[in-house]
Structures are given as C-alpha cells and as structure tokens.
Amino acid sequence: MVDKDKIREGITLLLEGMGEDPLREGLIDTPDRVARMYEELCQGMEEDPGEQLSKAFHAENNEMILEKDITFYSICEHHLMPFYGKAHIAYIPDGKVVGISKLARTVEVYARRLQIQEKLTAEIADAIMEYVKPKGVMVQLSAEHMCMTMRGVKKPGSQTVTLVSRGVFKDNKELQDTFFHLLAQ
Ligand SMILES: Nc1nc2c(ncn2[C@@H]2O[C@H](COP(=O)(O)OP(=O)(O)OP(=O)(O)O)[C@@H](O)[C@H]2O)c(=O)[nH]1
Ligand SMILES: [Zn+2]
C-alpha cells in the first residue's frame, strides 16, 4: 500500500536537496501531485493477476494464440525512471483460453510497480502458466529505458529485449520459430 504522506515528505526533501524552494508557487502542490502519481504508477501492487486470469473458458482450439504489441509503461527500480515498450505474449492452450484483454491486464498488473525488465517478463509468463495452465507460454518485451537514454550512458533509441519461455516452448525450436515468425508479420 502506497503511503502518500511519506512520499509527500520525501518529495519535499528531494526538492530541498535540489536547491529548490518547495514553497514557491510552481512547486507548492508538487509533493502531493507526485504522491498521487506514484500511487497510480504502482497500482499493480494492489492487484491480483489471478482475478483477471482465472476467468478462463473452455476451448477446443489448442493452437498458438499471440497477442502482440501490448504497450506498457513501467518504472526501473534502480533509478525510478520509466522504461516502456511493447509486450508480446503467445500461449498454447490446454483446453481453456482467457479473454485476450486479460493478457494485457496481466502486463499492467506487473508493469505498474517498480521493476526490472527481466523480472517483469518472467512474472507475466509465470502468472499465465499458474492461472491459465496452458501447454506453454512465451513472452517477449522490447523496451527503452530512460535511465539509459536521458542520463548515464545516454544511448537514445537503444532497445532492451527480454524473452521468457515456459512449458512446451522451452525446448521446441519449431514453436519458438513460429512465435518469431508471427511477430515479424
Ligand atoms: N538488467 C537490468 N538492468 C537494468 C534495468 N533497468 C536499469 N538497469 C541497469 O541497472 C544498472 C544500475 O547500475 P549501477 O552501476 O548501480 O548504477 P549507475 O551508476 O546509475 O549506472 P549507469 O546507468 O551505468 O550510470 C544500470 O546498468 C542500468 O542500465 C533492467 O530492467 N534490467
Ligand atoms: Zn534504471
């Protein structure tokens, strides 16, 4: 649970640390705005992926399903700067499927908190395995990290790509190739 009072205090200190006057007109409401912002950006911590993903329904079709180009925004836990990009999720059902929006909702649950990209990728895949129980799942994330573009090494346009495969995807090159082929279309 986000403690907005603590965030407000922290942001006031941060502004002072930056040599600013937190009481000047433009900044007077900033601690409160930032507290509300972090509450929104960390909303995923309050949410249960099982609530979304347990609404699975029976399906005869056990072929691969791919939901691609799911835009996400997350916050890097090292610098508290955004990283954002696209998530692509494929799974092979085992008698049941979920509404396609639930895949994007699962991305939101795990992106809306302090993260690193590798953990975000694995958490999405593991939640789908746990709640939908498909034969396999594959998740790829491509993202730009503002801590690498706006500061530090300053490499705008660089993309970090992470990939997690579970179940039948794990050691089946043909299935993995189908995933990459569909992504390229
Ligand atoms: N593996 C991984 N690293 C990340 C992610 N987001 C940020 N980082 C990296 O976290 C590292 C933190 O490195 P530190 O040396 O502790 O911090 P720093 O001195 O600010 O590092 P620089 O960014 O190189 O200036 C940096 O290399 C970041 O690029 C992520 O999602 N996954
Ligand atoms: Zn970072």
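What distance separates the centres of domain 1 and domain 2, taken over C-alpha atoms? The model is a predicted one, and in it the two centres lie 33 Å apart. To see both parts, select residues 4-41 for domain 1 and residues 55-184 for domain 2, as given by the domain assignment.

**The whole chain**

Next, display the entire protein chain as a cartoon. Its C-alpha trace extends over about 65 × 35 × 20 Å along the principal axes. Seven helices and seven strands make up its secondary structure.

**Helices α1 and α2**

Two packed helices are described by the angle between their axes and the distance between those axes. Select residues 4-17, which form helix α1, and residues 30-41, which form helix α2. Their axes approach within 8 Å and cross at roughly 130°. The pair is therefore oblique, and the crossing of α1 and α2 is right-handed. Now show the side chains at the contact: Lys4, Ile7, Arg8, Ile11, Thr12 and Leu15 come from α1, while Thr30, Pro31, Asp32, Val34, Ala35, Tyr38 and Glu39 come from α2. By class, the residues of this contact comprise seven nonpolar, two polar and four charged.

**Helices α4 and α5**

Move on to helix α4, residues 100-111, and to helix α5, residues 117-132. How far apart are the axes of α4 and α5, and at what angle do the helices pack? The axes are 9 Å apart and the angle is about 135°. Helices α4 and α5 are therefore oblique to each other, with a right-handed crossing. On the α4 side, select Thr106, Val107, Tyr110 and Ala111; these meet Leu120, Glu123, Ile124, Ala127 and Ile128 of α5. The contact of α4 with α5 consists of seven nonpolar residues, one polar and one charged.

**The surroundings of ligand 1**

Finally, select ligand 1 and display the residues around it. Which residues surround ligand 1? They are Cys76, His78, Ile116, Gln117, Glu118, His145, Cys147, Met148, Gly152 and Val153. Two elements, α5 and α6 (residues 146-149), each give two or more residues to this shell. Colouring the shell by class shows five nonpolar, four polar and one charged residues.

Technical notes. Residues numbered from 1 in each chain as written. Chains lettered and ligands numbered in written order. Predicted model: local features only at pLDDT ≥ 70, side-chain atom pairs only at ≥ 80, totals over all residues. Near = placed C-beta within 6 Å. Helix = DSSP H or I, 4+ residues; strand = E, 2+ residues; numbered from the N terminus. Nonpolar A, V, L, I, M, F, W, Y, C, P; charged D, E, K, R; others polar. Axes fitted to C-alpha atoms, helices over the stretch in contact; angles between N-to-C directions. Parallel < 35°, antiparallel > 145°, perpendicular 65-115°, else oblique. Left-handed = near helix turned anticlockwise from the far one by under 90°. Contact = placed C-beta atoms within 7 Å. Domains from an automatic or database assignment.
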